[in-house]
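Welcome! Have the sequence and the 3D view ready, and try each exercise before reading its solution.

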Amino acid sequence: MCPVADGKPPALLVQGLSKTYGDGFTAVAGLDLEIPDGAFFGLLGPNGAGKTTLIGSVCNIVRPTTGTLTVFGHDHRSRAARRLLGLAEQEINVDRFLSIRQILIYHAGYHGIGRKAAVRRADELLEVFRLDGKAAARAYELSGGMQRRLVLARALMHRPRLLILDEPTAGVDVELRSEIWRLVKGLNAAGTTVLLTTHYLEEAETLCDEIALLRAGRIVDRGSAALLRDRYEARDISEVYDRVITGEEVA
Ligand code: ATP
């Protein structure tokens, strides 16, 4: 178990994380990050900054070169950590041969949820995400926006306490974006910790109670939107981002 402040382990604790890929490229370099239980946390940075590598490391998809990672105090590779984590990846990586209802039910099976409970939960989420009319369809028969809703529903099947969203609104229309945010805000209000990456800076500014700015595999700065705006004498997070990420100023 990891060190515990105020009796509650953080939702995520990353210490000394580095990742050098097989070709010798270092995508993440000596990164430390702590996300408190219940936070709505935004991770911002340009393409290639290392956001997906960090998320992949947390979810045990990428094997870190160095570092320790814990999820609510549990080693990230443990079954307990996997049970507590839900990931909606950037890619729509679902089985082409299953119906979307089966996709959800099978996912629950990976987490040891019994068939009856899985069916109940799948039907509940299909309704919440307004996919119930498409329950028997294959994912490739859905619109792009419906596919996004499906990967989010799948990430929620086992009721994770830490929900990781890697660019969940990339390429979706305005209406669906606000719908996704309404759902995610509701989950956060009900106690789910959210870790979000997005290139929509104004969304991060509105939604997140804390933001970290990542550049070239390192966290350059972090804080609430208000604190970052003050620190960089910026009008909004876009201006903070320009200064920090384009290197105009580094704290
Ligand atoms: P984006 O916003 O484009 O999703 P990101 O911040 O998520 O970017 P990563 O996908 O983590 O960035 O990539 C960080 C760097 O690591 C990039 O330069 C990328 O090319 C490199 N990288 C990622 N995966 C691999 C891999 N399997 N092998 C080699 N290099 C990789």
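**Exercise 1. Which atom of the ligand does a polar side-chain atom of E167 lie 3.4 Å from?**

Before the solution, some ground rules: this is a predicted model, where local features need pLDDT of at least 70, side-chain atom pairs count only at pLDDT 80 or more, and totals for chains, interfaces and linings use all residues. Residues are numbered from 1 along each chain as its sequence is written, and side-chain values use heavy atoms, with hydrogens and water left out.

Step 1. Find the side chain of E167: one of its polar atoms lies 3.4 Å from an oxygen atom of the ligand. A polar contact is a pair of N or O atoms within 3.5 Å; within protein, one must be able to donate a hydrogen and the other to accept it, and residues adjacent in sequence count only if both atoms are side-chain atoms.

Step 2. Now look at T52, whose side chain places a polar atom 2.6 Å from a ligand oxygen. At G50 a polar backbone atom is 2.9 Å from an oxygen of the ligand.

Step 3. Taken alone, the ligand exposes 640 Å², and the protein buries 65% of that (Shrake-Rupley method, 1.4 Å probe; for residues, only the protein chains shown count as cover).

**Exercise 2. Describe the strand order of the open sheet.**

Step 1. Strands are DSSP runs (E, at least two residues), numbered from the N terminus. Two strands pair if DSSP finds at least two bridges between them.

Step 2. The four strands follow the order β2-β1-β4-β5, with antiparallel pairing. At the edges are β2 (26-35) and β5 (74-75), each pairing on one side only.

Step 3. Zoom in on β1 (residues 12-20), which six bridges join to the antiparallel β2. L17 has L31 in β2 as its bridge partner, while L13 is partnered by E34 of β2.

**Exercise 3. Which charged residues lie over the rings of F72 and Y200?**

Step 1. The test is that NZ of Lys or CZ of Arg is within 6 Å of the ring centre and within 35 degrees of the ring normal.

Step 2. At F72, the charged end of R161 sits over the ring, 3.9 Å from its centre.

Step 3. At Y200, R177 lies over the face, 3.8 Å from the ring centre.
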